Amino acid sequence: MAIISSAFAAEGEQTTHETVGAGEAHHEGVFPPFQTENFAPQIFWLVVIFGLLYVLMSRIALPRVGGIIENRGAKIASDLGAAREMQSKAQAAAAANDENLRRRRDEAQGIGREAQHKIAAESARQRALAESQAAEKIHAADERIASAKTQALANVEQIAVDAAASIVEKLTGAKIDQAALAKHATSSN
Amino acid sequence: MNPEEAAAKSNPIEQFELHRLWPFEINGVETSFTNASLFMLLAALGVVALMILATSKKAIVPGRVQAMAEMLYEFVAGMVRQTAGTEGMKFFPFVFTLFAFILIANLIGLVPYTYSVTSQIVVTFAFAIVVISLVVVYGLYRHGFGFLNLFVPHGVPLPVLVVLVPIEIISFLSRPVSLSVRLFANILAGHITLAVFGGFVVMLLGAGAWAALAPVPILAIVALYALELLVACLQAFVFSVLTCVYLNDAIHPGH
């Protein structure tokens with residue numbers, strides 16, 4: 001404890017020196033910052049050094065650093081501008097591409113539709129042709145059937161006359177005039 | 001070594017003494033190059049190294065030191081613009097030099113065995129006088145007698161003005177004193193405190209079994225040192241902000 005209290009005593013002593021400004025000091029016993037003979041050399045060198053520093057800062061350092069910052073700002077701005085321009089170009093190209101694609105698709109659809117129409121027309125034409133040919137054939141066949149039928153019917157008449165004549169002959173033994181019978185058959189028909 | 005001797009050896013005032021390294025005089029005025037001048041020069045060289053050497057490449061993508069220089073530039077530029085307005089930017093080189101010099105000088109002063117330039121009242125007072133002279137000269141040049149409006153606040157009734165104007169004048173006259181004493185006293189007190197605690201360590205180490213307690217003041221020194229770093233930066237900042245505030249008064253004297 002003795003040591004610490006003596007240290008405090010020493011400190012106390014020094015604080016008195018500070019306030020009073022008359023200590024055991026090395027030069028004149030004045031607290032160094034208040035020694036007036038120290039003022040002139042400090043002010044002289046302060047003026048010289050600070051003056052030089054001010055000139056160096058205002059002439060070289062600050063314009064340079066300001067320039068660097070300004071350049072960087074300009075560079076960033078121009079780079080951003082270029083990027084924005086590229087982006088708008090890319091967007092325009094994409095839009096043109098979309099438009100082109102759309103047109104081509106329309107075109108392709110048009111071609112497809114046209115081909116479809118052509119095919120439909122062709123098949124309709126062929127069907128019509130086939131149908132007309134078939135109709136012709138049907139017509140011819142009908143005619144043939146009709147003629148065959150009339151012929152067959154004529155034959156049937158003949159057969160019936162023959163059969164009737166032979167039946168009468170067999171039953172009665174009399175000869176029947178076939179012409180008269182046929183005439184009769186036709187009139188009764 | 002007995003404690004008294006140790007205490008005598010670690011005199012906390014000794015660090016502020018001036019040693020004439022190169023004594024000479026001009027026209028009968030002593031202009032010796034002292035240890036204080038040496039550290040003024042070192043502080044200035046530090047600023048030059050930071051602001052000129054580190055920016056010589058003018059890199060678009062800055063290196064560490066150039067980034068530091070740019071930060072310092074933008075910090076001070078922002079401070080001047082905010083406090084003194086765009087017109088205050090004509091004092092930007094002055095405020096910047098002031099801030100950078102005081103800051104680097106304060107920081108160099110924190111290195112053991114160096115000299116704290118700003119622990120001398122004559123130095124801080126010289127700065128304060130330059131600032132106030134600049135304010136007065138520029139104010140009178142810019143506004144003529146209108147600068148005196150500084151002492152007459154707007155919209156105050158006449159009877160109050162009778163009291164207020166002398167107060168304003170006194171406060172204006174005390175500005176150089178408060179400006180210089182604030183910086184000087186902060187740096188001085190910090191260095192004395194550090195030296196005193198350093199003295200405790202020496203005394204305890206020289207006092208046998210008490211040496212076991214020596215780490216205690218060392219811890220105190222570590223904490224104080226952190227505080228002193230803050231004070232070194234803060235006082236440089238305060239000095240330059242107040243400079244801007246006073247310059248703002250010169251630019252816009254009406255309140």
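This is a predicted model: local features need pLDDT of at least 70, side-chain atom pairs count only at pLDDT 80 or more; totals for chains, interfaces and linings use all residues.
**Entry 1**

Chain B puts 48 residues into the contact and chain A puts in 41. I then checked which elements of chain B supply at least two residues of the side touching chain A: helix H1 (3-9), strands E3 (29-30) and E4 (33-34), and helices H2 (35-53), H3 (64-84), H4 (92-109), H5 (121-143) and H6 (158-205). H2(B) has the largest share of that side, with nine residues. By class, I got 34 nonpolar, nine polar and five charged residues on the chain B side.

Chain A has an average pLDDT of 82, and 82% of its residues score at least 70. Which helix of chain A has the lowest confidence? That is helix H1 (residues 2-20) of chain A, with a mean of 44, while helix H2 (residues 39-172) of chain A has the highest, at 92. For residues 1-27 of chain A the pLDDT is below 50, and the model gives this stretch 32 contacts beyond near neighbours in sequence.

**Entry 1: the layout of each chain**

I listed the secondary structure of both chains. Chain A has three helices and zero strands, so the order from the N terminus is simply α-α-α by the DSSP runs. Chain B comes to seven helices and four strands, in the order α-β-β-β-β-α-α-α-α-α-α.

Then I looked at burial. In chain A, 11% of the 189 residues count as buried. In chain B, 36% of the 255 residues do. I also boxed the C-alpha atoms of chain B along the principal axes and got roughly 70 × 55 × 45 Å. Of the chain B contacts with a separation of 6 or more, 67% are between residues 24 or more positions apart.

**Entry 2: H2(A) against H3(B)**

H2(A) and H3(B) have axes 10 Å apart and pack at an angle of about 100°. That falls in the 65 to 115 degree range, so I put the pair down as roughly perpendicular. From H2(A), the contact uses Leu62(A), Val65(A), Gly66(A), Ile68(A) and Ile69(A); from H3(B), it uses Ala69(B), Glu70(B) and Tyr73(B). The class count for this contact is six nonpolar, one polar and one charged.

**Entry 3: nonpolar cores**

Which residues touch the most other members of the largest nonpolar core? I found Met40(B), Ala43(B), Val95(B), Phe99(B) and Phe101(B), in a core of 58 residues. H2 of chain A gives two or more residues to this core, as do H2, H3, H4, H5, H6 and helix H7 (215-251) of chain B. H4(B) gives the most, with eleven residues.

Setting aside neighbours within four places in sequence, Met40(B) is in contact with Trp45(A), Leu46(A), Ile49(A) and Val117(B). I also noted another core apart from the largest one: eight residues, including Phe197(B), Phe200(B), Val201(B) and Leu204(B).

I went through backbone angles and stopped at two residues. Asn27(B) has a positive phi of about 50° without being a glycine. Asn27(B) sits in the loop between strand E2 (25-26) and E3 of chain B. Tyr113(B), also a residue other than glycine, has a phi near 70°, and Tyr113(B) belongs to the loop between H4 and H5 of chain B.

Is Tyr113(B) buried or exposed? With 5 other C-beta atoms within 10 Å, Tyr113(B) is exposed. For Asn27(B) I found 5 other C-beta atoms within 10 Å, so Asn27(B) is exposed.

Gln120(B) is also in the loop between H4 and H5 of chain B. I counted 27 other C-beta atoms within 10 Å of Gln120(B), where 20 or more are needed, so Gln120(B) goes down as buried. Beyond neighbours within four places in sequence, its contacts are Pro33(A), Gln42(A) and Ala36(B).

Note on methods:
Residues are numbered from 1 along each chain as its sequence is written. Chains are lettered from A and ligands numbered from 1 in the order in which they are written. Two residues are in contact if their C-beta atoms, placed from the backbone, lie within 7 Å. Ala, Val, Leu, Ile, Met, Phe, Trp, Tyr, Cys and Pro count as nonpolar, Asp, Glu, Lys and Arg as charged, and the others, Gly among them, as polar. pLDDT is the predictor's confidence in each residue, from 0 to 100. A residue is buried if 20 or more other C-beta atoms lie within 10 Å of its own, exposed if 12 or fewer, and partly exposed in between; C-beta atoms are placed from the backbone. Axes are lines fitted to C-alpha atoms, for helices over the stretch in contact, and angles run from 0 to 180 degrees between N-to-C directions. Angles under 35 degrees count as roughly parallel, over 145 as roughly antiparallel, 65 to 115 as roughly perpendicular and the rest as oblique. A nonpolar core is a set of buried Ala, Val, Leu, Ile, Met, Phe, Trp, Tyr and Cys residues joined through C-beta atoms within 7 Å.
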